Amino acid sequence: MTEPTPLAPPRRAALAPAAPTHLSADVVARARQLIGLYPEPRSALIPLCHLAQEQDGWLTPEAMVDIAGLVGVTPSEVLGTASFYDMLHTEPVGRYVVAVCTNIACLLGGAGELLEHAEDSLGIGAGGTTPDGTVTLEEAECLADCDRAPCVQVNHRYVGAQSPESFDRLIDELRSGARDADIPPHGTLIRVHRANGLAVDPDVVVEERRAAAEAKAAREAAAAPATGGGA
Amino acid sequence: MTDRATPSEEFEFTLDGRTVRARKGEMLIAAAERAGTFIPRFCYHPRMQPVGVCRMCLVEVSGPRGATLMPSCFIEAAPGMEVSSDSDKVKKAQDGVLEFLLINHPLDCPVCDKGGECPLQDQTLAYGPGETRFVEEKRHFEKPIPISELVLLDRERCIQCSRCTRFADEVAGEAQIDFVGRGEQLQVATFPELPFTSYFSGNTVQICPVGALTATPYRFAARPWDLDQVESTCTTCAVGCRVAVQSSSNRLTRLLGIDIDPVNHGWLCDKGRFAADAVNREDRLTEPMVRKDGTLVAVSWHEALEVVATGLRAAVDDGPDSLGVIGGARLTNEGAYAWARVAKGVLGTDSVDAQLGDGLPAELVLGLPRATIDQAASASTVLLLTGDVREELPILFLRLRAAAVDGDLSLVELSPQATSLTEHAAVSLRYGPGDARALVDALVADGTPPAAAKDDSALTEARRLLGEGPVVVVVGRPSLAEDAELVADAARALAEALPEARFLPALRRGNVLGALDMGLAPGLLPGRVGLEDGRSWFEAAWGAVPDGRGRGTADILAAAAGDQAEGAPVTALVLLGSDPLCDFPDRRLARRALEAAGFVVAVATAPGDALEHADVVLPAAEAHERPGTTTNIEGRVSRVGQKLVPPGQAWPDWMIAGELAVHLGHDLGFDSVGTVWDEIERLAVSHRGITRAVLDSHGAADGVVAPLSANPVSLSRRAPLDPVAVPGVESVERQGAGLQAGLATSPNAAAAATGADTAAGGPPRPPMLSGAPDLSVPHVSPADGYSVRLVASRVLYDGGSAVEAVPALAGLVGPGSLRVNPQDLDALGAAAGDQVRLRSTTATLVVPVEPDPSLPRKVVAADVNVPLGDGTVTDLIDRAFPVVDLRMESL
Amino acid sequence: MAITDPPKIVTSRIGYDDSHTLERYLATGGYEGLRKALAMTPEAVAAEVDAASLLGRGGAGFPAGRKWSMLRKAPVTYLVVNGDESEPATFKDHLLVERDPHQLVEGVVIAAFALQVSQVFIFLRGEFALGLERVQAALNDAYAHGAVGRDIFGSGFSVDVVVHPGAGAYICGEETALLESLEGKRGFPRIKPPFFPAAIGLYGDPTVVNNVETMSNLPWIVRNGGAAFAALGGGRSTGTRLFALAGHVHNPGVYELEMVTTTFDDLINAPVLGGGIPHGRGLKAFIPGGVSAPWFGPDQLDLPLGQDEVAEAGSMLGSGSVVVMDDHTCAVRAAWRITKFFSRESCGQCTPCREGSGWLERIMDRIERGEGREADLDLLLDACDNIAPGLTWPPQQTTICVLGSSIPSSISSAITMFRDEFLVHIKEGGCPYD
Ligand SMILES: Cc1cc2nc3c(=O)[nH]c(=O)nc-3n(C[C@H](O)[C@H](O)[C@H](O)COP(=O)(O)O)c2cc1C
Ligand code: SF4
Ligand code: FES
């Protein structure tokens, strides 16, 4: 027999997904609530990825394995799905992800120059993270804030049109923590949580509607004049 | 999954101006292909859901708003539809798609395994634009990266057709590979640290239309134009998948699955696909050998057979039961028949057994009404009373899984532990070793269920499902640590309670069912005939048959080891391609038997542990080196082809048996494999009518299920193979080597006589076994509360010779651990990965443990034939007891 | 034509700082439409919407009433609200979800009632962090207020509404990709036929997909009647519509304007609207309805803001975003950037879109950098033709969804309108505007 290589698989395919080990109990509880909002667990995959980013700042392999178990898919499917989306980072990012839109409206508003300035002043290229791990700079597609071009978002919070000067001030504020109140660390997307689960059981509704339709049909049949065979 | 076999309504539509017929629900691309118009394609695969992404198959379909381009793989043909597959607009679109595909393609065809059989290459030549207009930088990825022990991925060559990812998800049910990224960066990937371990990964290599996925074992092995091929049947397990066997310079280069409706739908498991490589091993036995002064020395066939004849004759002179013949499941039907005749007709012993204590009582297997795989897949309920089908008969797993996932099949699983079908089962009921019968009684009679299955709603649901016909029972060995009679008893109870049910025997070894059909079991004669029923018929034909029932493997070994008080001791053993040291569940007994036996003859293809005990070694031809027939779990007789010349002086088994008979003073008259088959067809009542002429016909290309009376063959032609689905076969064919069927006889041999005449005036034809036989069901005493009961199950990649000989597979055999119910583990104070001590009547082992919540309390499980702690699980098995109770202690 | 002063149908509240709160909403007529609808029959509500002739505001402009009537009757049906808003220069839904989330919730519940749907998903692009919070908060309040959930306002009608965050992929605005994404998968559009959402939608069940703005119109329509809505605008383009104006204008922003009666010229140049082009520059071109739309030049300024009117002129009103380019804009650069957008956002399923978008982008980039060749222009057009055969408008397609067939618009517009500019790039080896 040859030496087992690092690729040697578990001999017997795993028969049941393992319980979450990486996500915190609180996150798992919220995850289960989210899963409960959908007819099929897999629908919660992306919300759960956001949740995992809230815990870790990015989407770690350990979190993806947990998510796979929670929604009933393979880790490979979680990675495959998550990697499709720009907001899900399967590599570490900084505490602040600064997105500069360079799409058409912002381009016309000077986004090219702003991005160049940002790269120079941060000392990183688009896609890079400052060595201190604070800022990741992204060149974004349209962020739907085109009347404030060039448009910038930090951790998906709009910060309005930026000039090179205001951009530098913004970075200073981020670094100093002055924006902590309105801009949470990367990963925290939605701070308002759903107050309750589902109120409506679709099966009950289907049943109610069926009953109502039958009652209506019965009423109509009763109301209609008896139109027998040849009467 | 598209079932091409479904006969359905037909209608007409217009294709390129002519009227053609399509079936209801048929995609345009398939309807056009049947009508002789090949529409180019990459992503479409007839056995998977269409996705319509490559856009190569665009055609123009007329509609209310004029003709629009539509993917013919995704649009169902409809009555009256007007379709153009060759308009200028279609051609421009197809040229455009090809050009787009090529802009980022590395065009490294000269160093690509796929070069010469690549649909992208071919379609570029056939449909594509002449020269490239692409002057930009191509997309770059790291060149091939291994995504498993067996598969390499070259992302630069990938055309994102998603055939591989869909296969993994849809067909294998294990989405271990998936696309990552988006747009131009879309690429196939595994999850970090989790390789593509699916047992079916090789299929992705076969269906990849380009060279993005290649198989490590076949990398750079040969170029398609050097290849030569023959159609055959895989005999790695007993499912019997159809394959194309390709070779180059008398070396097997690869196996490709052939798409046949009744069995494998084009798929192969990785063991079947890659273990075939064992035929190439360097240490094949090439010369007969006789032990002289303690060492085996090469001799002539004549000398070796003389020694064998003398030794065996000496043994049977002491009484026929002094000789035991073990094995035969790796032989062709012809080899098995010839050996059955030599053993039973010439040497007079009935102590012959193709199964090694790991099977089921032969009379049960042959007597129960047999189901085909198609019948199981289209049944309303399949009851599983067997081991993990994915581990034992992988393609049967795919068929059942597909039927359960896509079709209307409900699975009812009776098993001591979770299996790969559990997640698809409508009901899964657990039982401990020894309790199968009680569980069956709880289902079909008013029995009390065993403790682990006390789940009223599950039992009720299972009863309901069993009440809905048709029912097929898959019966095999859930545990090798449990006496076969125990599960047989449960199967018998099912057969009696469900008279309409059919049975599919889940026996694993290649041609074990053929060997049983040919009489390689105690109490049987060829043709599924009992010894007494067939006595006069075979005495007339053979001259003699054994006086009475002989021993099975377990008793042969016990008698050889001197453990049996009754009957004559066994002094001589013939091992027909079998190694009891590896395959018999009670390993210690096997060793003692081989050590004690006075005279051991091994018919073998390669070295193995048993050879150390052999007095004579006879080198045999392997699969792919000899023509003949094989029989699968359904009783399907199909041809195996000879592609390679056997090494040195290795002979096919039928020839060894025939020559041995001559040395024993009997000329059986076998001068070709065809003459052996003729005799089988004439004498074996189950095989009546399956003449060479029938087997050679096109209609029988997918095999013929014996007996013909139960499953008459319809002599229809097989659908043409899809060249993209079977790209290798197609291109080898184009290079000149047609896919010829594995021939059971030379093509110009005359059709055999039916044999009816030869029987005239002789004894009456014997009846075939029918119904369940009497069994000697051992009594199982209740467990004692301090012990745990052992389940010994099988895994696909184990230490068997086929796997060991192939480096790529050998790396997949990992050490096993003992699976324990988590509560028992807690009670023991042990955690996953800890070591515990196990004591049985035969051995003490220190083994690692892992929790398995699917196991009932006080039941532990481990896999056979893989390392377990400081031994293997078979060390713990004592065949003197019907179940194995162990003491488990923490260290 | 003149700028009219129609009622503010969807932007009536955005002048208030607290426009997103339940208090403000209730104080300004909030949930009255819903109460009124619940007193009607579902059919009657649908009939009002039909009478309003409300065209979908997501881009395709399909009448909402007709779409609803196509919903296959089945026990389980879904309503999905499309708030992916990622079409470049479109930012009207951004305004609606942040500034009037209750209006969206009310519209959604009205639609759910009309459709007799018991589960609604509001899919919002993930980058709308604030919008997601505002809509979630509004929903929490609406549940508490009895406007969503079980037995709404005592009517016996029940519906759950779930906000679903996207994760950043333009293609998820395409309705079938959106459904895939909502099912937890990659946003790969489904093939139509057969996957028309109304027939085979979310989880395979019949589903209506409508845009945020479409939904936000419903409270007003129910309160004031479909006829009042239909009385505004002209032809098939009834009511008002949000226009997102961006690029080279004094006052970029979102404007609610009566359709048809207003023109592009009004929108771009009227002092109360766009306010004209700054720095005294002239108009070079404008994109009338999102980057998928072919461009217009100054001579089309007088076109009315109407769906059919724009279509007849060879482009589309699309998502209602208008991008203005002044005469100092490099057409090659603008078209390159749009092509780059498509290349980055192609989902990657279809060969022509996946490979074609990247190829076209690289050619455009090369030309812009001054490394173009004259043959590139024909090559560009021919490669475009292989994605959208004939380069007609509306486009034909070799791809699954219309993202693919939208790629050529900007390139062929730029080449057709400003061929000379390409040639200058090529001959002078660089961009004349640099
Ligand atoms: C590539 C692509 C992107 C789209 N993006 C959006 C979008 O962001 N928001 C939206 O409402 N509709 C978008 N649509 C249109 C939707 O597919 C769909 O037509 C619309 O949501 C229907 O709603 P409506 O009828 O209310 O307009 C997009 C379509 C395509 C092809
Ligand atoms: S056209 Fe592009 S975006 Fe649309 S499905 Fe095809 S590849 Fe995806
Ligand atoms: S799109 Fe039809 S074969 Fe690929």
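Domain bounds, as used here, come from an automatic or database domain assignment. The model is predicted. On this basis chain C is divided into domain 1 (22-230), domain 2 (233-326) and domain 3 (331-428).

Within chain C, the C-alpha centres of domain 2 and domain 3 lie 24 Å apart. Their contact takes 14 residues from domain 2 of chain C and 15 residues from domain 3 of chain C. About 1100 Å² is buried between domain 2 and domain 3 of chain C, and carbon and sulfur atoms give 74% of this area. On the domain 2 side, C:K284, C:V291 and C:W295 supply 58% of the area buried against domain 3, more than any other three residues. One salt bridge is counted between domain 2 and domain 3 of chain C. A salt bridge also joins the side chains of C:K284 and C:E421, with an N to O distance of 2.5 Å. Four residue pairs are in polar contact between domain 2 and domain 3 of chain C, both residues being at pLDDT 80 or more. Strand 9 (residues 283-287) of chain C gives the most to the side of domain 2 that touches domain 3, with three residues. By class, that side of domain 2 has nine nonpolar, four polar and one charged residues.

Chain C also contacts chain A, with 53 residues of chain A meeting 72 residues of chain C. The area buried between chain A and chain C is about 5100 Å², 58% of which is given by carbon and sulfur atoms. Six salt bridges are counted between chain A and chain C. In one salt bridge, A:R191 meets C:E133 through their side chains at 3.1 Å, N to O. Polar contacts across the interface of chain A and chain C amount to 29 residue pairs (both at pLDDT 80 or more). On the chain A side, at least two residues each come from several elements, including helix 2 (45-56), helix 4 (75-82), strand 2 (135-140) and helix 8 (202-223). Helix 8 of chain A gives the most to this side, with six residues. The side of chain A that touches chain C has 31 nonpolar, 10 polar and 12 charged residues.

In the interface of chain B and chain C, 35 residues of chain B are in contact with 39 residues of chain C. About 3000 Å² is buried between these two chains, with carbon and sulfur atoms giving 54%. In chain B, B:F100, B:R133 and B:R182 lose the most area to chain C, together 25% of what that side buries. Eight salt bridges are counted between chain B and chain C. B:R182 forms a salt bridge with C:E345, in which the closest N and O atoms are 3.2 Å apart. Strand 4 (66-71), helix 2 (88-103) and strand 8 (177-180) of chain B each supply at least two residues of the side that touches chain C, and helix 2 gives the most, with nine residues. The chain B side divides into 18 nonpolar, five polar and 12 charged residues.

Ligand 1 is surrounded by 18 residues, of which C:G58, C:N82, C:N210, C:N211 and C:T214 are the closest. An N or O atom in the side chain of C:N210 is 2.8 Å from an oxygen atom of ligand 1. For C:K67, an N or O atom in the side chain is likewise 2.8 Å from an oxygen atom of the ligand. At C:R57 a backbone N or O atom lies 3.1 Å from an oxygen atom of ligand 1.

Definitions and conventions
Residues are numbered from 1 along each chain as its sequence is written. Chains are lettered from A and ligands numbered from 1 in the order in which they are written. This is a predicted model: local features need pLDDT of at least 70, side-chain atom pairs count only at pLDDT 80 or more; totals for chains, interfaces and linings use all residues. Side-chain values use heavy atoms; hydrogens and water are left out. Contact means heavy atoms within 4.5 Å. Buried area is the accessible area (1.4 Å probe) that two parts lose on being put together, summed over both. A salt bridge is a side-chain nitrogen of Lys or Arg within 4 Å of a carboxyl oxygen of Asp or Glu. Helices (H or I, at least four residues) and strands (E, at least two) are DSSP runs, numbered from the N terminus. Ala, Val, Leu, Ile, Met, Phe, Trp, Tyr, Cys and Pro count as nonpolar, Asp, Glu, Lys and Arg as charged, and the others, Gly among them, as polar. A polar contact is a pair of N or O atoms within 3.5 Å; within protein, one must be able to donate a hydrogen and the other to accept it, and residues adjacent in sequence count only if both atoms are side-chain atoms. A residue is near a molecule or strand if one of its heavy atoms lies within 4 Å of it.
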